Amino acid sequence: MSDVFPMPRAAGCPFDPAPGLSREPVSRVRLWDGGTAWMVTGYADVRALLSDPRVSVDVAQPGFPHTNAVSKARDARMKTLMQMDAPEHTVHRRMLTADFRIRKMEELRPGIQRIVDDLVDGMLAGPKPADLYEALALPVPSLVICELLGVPYADRGFFQRVAGELVMDGGDPARALAASEELNGYLEELTERKSAEPGDDVLSRLAVEQYRTGAMTRREIAVMGQLLLVAGHDTTANMIALGTAALFAHPGQLAALKDGADVAGAVEELLRYLSITHTEARRVAREDLVVGGQLIRAGEGIIAVKSTANRDPAAFPGGPGALDVRRDARHHVAFGYGAHQCLGQPLARVELQTVFGTLFRRVPTLAPAVPLEELRFKEHAVFYGVRELPVTW
């Protein structure tokens, strides 16, 4: 147990899971505070764990595997959908299910297409090289989630700065907590305004149906909004930039995408191949259970490693360590599995399909402006990605 979880990816290929993850199907791993947790790496075992009611996402449970002091402090102060077990999780998730249903997300596709086209126009009209992260990857999901939630896009500088503190899985716990409080305060005030003058957006609906009726407090709605706002733009922004970098690093796959490979299928393969949740899916056992022949006792932490599950040859034959945009990868677990499967995945798919279906069609000569070796990766963040992606055309 020489490795401490989470481990750096860039020790090997920056698009691969950390080398230390690819070992036994079930093994012990050290944590930042000297504790240990069980690490589970195989596809079948990970899916089984993520749908097993005998494991909990409750971060307050003794033995839960926090990734560092920031993670522990942040989790202790704010309970979101991601930290709720049934039946509490079921009740809160149902409040949002209709807002992210597939049909509604498909209705957003023309608007998302206009956003992407406008941003590509702006990038092409600007200087070269450009930072694709700032020019396209970050603003696309930021604009979309702001419109969906009812958050003024003019405030993006504020919430992107605060979100940057929240998703960095290291550093000063006090700064992360202060950022969380700052964003909660902003969203509480916004909820109050939405209650007085509701619009056609998620926060307005929650303000009217939950806050006005006394079913939820402003703080509870703010915490829910914080999760949606932060996860709703940071995850997709990282996937756009990192996915583009991965295609640059695999010119044959980029050529296949340009030559007519199904964009929706290519997006599923990129999700599988990259699996950007750097801190993986963490749980704690409620009772004794056996995983992969290994007894895990009640109260012991578990890390279900989605990135290695998505590279399991038993689930993805034909060289799962390679990027293949023509692969059928729809059964990947990049969005999780079971009751806590990502609520926003229909939106993320529409955004990613629109971006990757537009970018190389509109800018067929798009190319990296620096070698892959010079890119800086987010090794100490909840979601893995590149800090910037200089491009030219």
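Two residues are said to be in contact when heavy atoms of theirs lie within 4.5 Å. In that sense, helix α8 and helix α9 meet through Phe158, Phe159, Arg161, Val162, Glu165 and Leu166 on the α8 side and Arg175, Ala176, Ala179, Ser180, Glu182, Leu183 and Tyr186 on the α9 side. Sorted by class, the residues of this contact are 8 nonpolar, 1 polar and 4 charged. The model described here is a predicted one.

**Helix packing**

| Helix pair | Axes come within | Crossing angle |
|---|---|---|
| α8 (residues 156-167) and α9 | 8 Å | roughly 145° |
| α9 (residues 173-196) and α11 | 8 Å | roughly 115° |
| α10 (residues 202-211) and α11 (residues 218-249) | 11 Å | roughly 150° |

With its axis crossing that of α11 at roughly 150°, helix α10 runs roughly antiparallel to α11, since angles over 145 degrees are counted in that way. The crossing of α10 and α11 is right-handed, and the residues that make the contact are Leu203, Leu206, Ala207, Gln210 and Tyr211 from α10 together with Arg218, Ile221, Met224 and Gly225 from α11. By class, 6 of these residues are nonpolar, 2 are polar and 1 is charged.

Helix α9 also packs on α11, where the axes come within 8 Å and cross at roughly 115°, so that α9 lies roughly perpendicular to α11. This crossing, too, is right-handed, whereas the crossing of α8 and α9 is left-handed. On the α9 side the contact with α11 includes Ser180, Leu183, Asn184 and Leu187, and on the α11 side the residues include Arg218, Ile221, Ala222 and Leu229. The residues of this contact divide into 7 nonpolar, 5 polar and 6 charged. Ser180 and Leu183 of α9 are named in the contact with α8 and also in the contact with α11, while Arg218 and Ile221 of α11 take part in the contact with α9 and in the contact with α10.

**Sheets**

Another open sheet consists of 3 strands in the order β4-β10-β9, with antiparallel pairing. Here β4 (130-131) and β9 (367-368) stand at the edges with a single partner strand each, so one side of each has no neighbour in the sheet. Strand β9 and strand β10 (residues 390-392) are joined over 2 bridges in the antiparallel sense, and Pro368 has Val391 of β10 as its bridge partner.

**An aromatic pair across the sequence**

The structure holds 5 aromatic pairs. One of them, formed by Phe15 and Phe377, is edge-to-face, with 6.3 Å from centre to centre and 85° between the planes. Which parts of the chain does the pair of Phe15 and Phe377 tie together? Phe15 lies in the segment before β1 (26-30), and Phe377 belongs to the loop between β9 and β10, so the pair ties together parts that are 362 residues apart in sequence.

Conventions: Residues numbered from 1 in each chain as written. Predicted model: local features only at pLDDT ≥ 70, side-chain atom pairs only at ≥ 80, totals over all residues. Heavy atoms only, no water. Pairing = 2+ DSSP bridges. Helix = DSSP H or I, 4+ residues; strand = E, 2+ residues; numbered from the N terminus. Axes fitted to C-alpha atoms, helices over the stretch in contact; angles between N-to-C directions. Parallel < 35°, antiparallel > 145°, perpendicular 65-115°, else oblique. Left-handed = near helix turned anticlockwise from the far one by under 90°. Nonpolar A, V, L, I, M, F, W, Y, C, P; charged D, E, K, R; others polar. Phe/Tyr/Trp six-rings, centres within 6.5 Å; stacked < 30°, edge-to-face > 60°.
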